[in-house]
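Please examine the model below together with its sequence.

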Amino acid sequence: MFSQASMPSTSSVLSAYTTFAASAMVVKTMLHEVKTMAKQLIPQQLQEKILSGIGRLIGGQSSSQMTLVIDEYNGYAMNQIFEASEIYLQTKISPSADRLSVSQAPREKNILVTITKGEKVVDLFEGIQLKWEMVSSAEKQLAMGDKGERRSIELSFLKKNMQKVLSSFLPYVVEMSEMIKEENKVVKLHSLGNPPGRAVVGGGAWGCINLDHPSTFETLAMDLNLKEELIKDLDRFVRRRKFYKRVGKAWKRGYLLYGPPGTGKTSLIAAMANYLKFDIYDLELSNLLRNSQLRKILVSTKNRSILVIEDIDCSAELQDRQAGRYNQPNTELTLSGLLNFIDGLWSSCGDERIIVFTTNHRERLDPALLRPGRMDMHIHMSYCTPYGFKTLASNYLGVSKHRLFPKIERLITEVEVTPAEIAEELMKSEDADVALEGVVEFLMSAKIVGKEVGEEGITERQDVVVETKRQKIWSEGIEGFDYMPPASSLSFL
């Protein structure tokens, strides 16, 4: 305890306080003078660096720095800022980086180098220093049992530059990424499900690979007028953004491809994607359990893409609307849900999207699926025509004229054979004479089979019956025939 004698007097305390206050005023005045001189003599950029360094020393970094967190997914949809940032950062890789992610797709020349988790990249934009960092964290188990992963990119800078970063820098990043994508555009094929070893939280239902399908409109063996009409329709669709907005319609279009197996429906889809440079999303309805999954899947697809549901008539058992019942009582995936998926409110969540259905039996589809606004254009993929044959002969043999062309074209008009069957025959020899003679023999055998099938009272072509008949004829032998086509000639890849 202090004694009363040892305590300072009131006058001493007041005197000390007066001295301290006077000293503080002198220091404040001197600091003001130094600050004024610094503004006059030291450039603004150097002042900021000095103040930033002092801030770090005294622990004031949190008050001067701003960090933007750019998540990979915004709800169900892909965050376009994240995608743009990831592409942009590929051009900012520094030789001083410690860890990078390297990949290369099959048959692709360029090696893709990107930053990986924890790696930082320093960037400069109009005198503003920015720092990028890739962040990845494990999350809860997902429904399919995969371990979830949440990815984000963090962008740090001085708080005072906030407005410029949001109004100028991020739009610049998006613009640069679009230029890079356009320059290095590779069409992707997306399939439902996550890549091995990686599942994504908050979206990311699709895994993808490069679409290496070589099909183009030039190589398609389909009716010329129909081909030209489809190309015009696609061109008109992609340039009518303002039109769709003006008339109050979602910017999307539906195509129904129907016809027998082997007539080129899958090749046509690949040709459309290659022509437009649109990614393809291949959707298997049998993988889905309820209507809500359809909505999530739709919004997780990107703009400028083609959503494909092949063999729609047998992809999944949907509710029969007219009968008012479910074919499978345990399922919640209904025809009504599919219809809303195609042209309901959720279909407007995105732009420049194409939906393609394929079927071998259009008559089996519910009429509600076929009306305009859902399937806007119906494209019949027919059996091989004379024009289709000439296209195939040019593709496979490199010939546009031959002495056997008139005979083959006449036979093609008399029988029903698919482009896939003709293509199989043309692949059996690189010699045009040998290959085309084989086509003639094949068509003549098909004509005989078709005649026998018709005499037996079968009015509808049935591939199983035709195949059996052909095999019987080839096994017994036909006069003047030295060639026996295998069963594989009837298959379609």
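The structure is a predicted model, in which local features need pLDDT of at least 70, side-chain atom pairs count only at pLDDT 80 or more, and totals for chains, interfaces and linings use all residues. Residues are numbered from 1 along each chain as its sequence is written, and side-chain values use heavy atoms, with hydrogens and water left out.

The protein chain has 16 helices and 16 strands; helices (H or I, at least four residues) and strands (E, at least two) are DSSP runs, numbered from the N terminus. Of the 493 residues in the protein chain, 40% are buried. Here buried means under 20% relative accessible area, exposed means over 50%, and partly exposed lies in between, with a 1.4 Å probe and protein chains only. The accessible surface of the chain comes to about 28,800 Å², and 53% of this belongs to carbon and sulfur atoms; such areas come from the Shrake-Rupley method with a 1.4 Å probe, and for residues only the protein chains shown count as cover. Contacts are defined by heavy atoms within 4.5 Å. Among the contacts between residues at least 6 apart in sequence, 68% join residues at least 24 apart.

Helix α5 (residues 162–183) has 22 residues and reaches 31 Å from its first C-alpha to its last, close to the 32 Å expected at 1.5 Å a residue; the expected span is 1.5 Å times one less than the number of residues. The helix bends by about 30° at phenylalanine 169, and proline 171 follows within four residues. The bend is the angle between axes fitted to the seven residues ending at a residue and the seven starting there. Phenylalanine 169 is also one of the buried residues of α5, which are Val165, Phe169, Leu170, Val173, Ser177 and Ile180. An α-helix has 3.6 residues a turn, so residues three or four places apart point the same way.

Helix α12 (residues 386–397) has 12 residues that should span 16 Å at 1.5 Å a residue, and its end C-alpha atoms are 16 Å apart, which agrees. Its buried residues are Gly388, Phe389, Thr391, Leu392, Ala393 and Leu397. Glycine 398 follows α12 and has a positive phi, near 70°.

Charged side chains provide further links. A salt bridge is a side-chain nitrogen of Lys or Arg within 4 Å of a carboxyl oxygen of Asp or Glu, and by this rule the count comes to 20. In one of them, arginine 253 pairs with aspartate 233, the closest N and O atoms being 2.7 Å apart. This pair links distant parts of the chain, with arginine 253 in strand β12 (residues 252–258) and aspartate 233 in helix α6 (residues 224–238), 20 residues apart. Both arginine 253 and aspartate 233 are buried.

Another salt bridge joins aspartate 351 to arginine 241, with the closest N and O atoms 3.5 Å apart. Aspartate 351 lies in the loop between α10 (335–343) and β15 (353–359) and arginine 241 in helix α7 (residues 241–247), so the pair ties together parts that are 110 residues apart in sequence. Aspartate 351 is partly exposed, at 27% relative accessible area, and arginine 241 is likewise partly exposed, at 48%.

A further bridge is formed by arginine 374 and aspartate 343, whose closest N and O atoms are 3.1 Å apart. Because arginine 374 lies in the loop between α11 (367–370) and β16 (377–380) and aspartate 343 in helix α10, the pair ties together parts that are 31 residues apart in sequence. Arginine 374 counts as buried at 12% relative accessibility, whereas aspartate 343 is partly exposed at 24%.

Arginine 304, however, has a positive phi near 55°; arginine 304 lies in the loop between α9 (291–299) and β14 (305–309) and is partly exposed, with a relative accessible area of 36%. Aspartate 311 also has a positive phi, of about 50°, although it is not a glycine. Aspartate 311 is found in the loop between β14 and α10 and counts as partly exposed at 32% relative accessibility.
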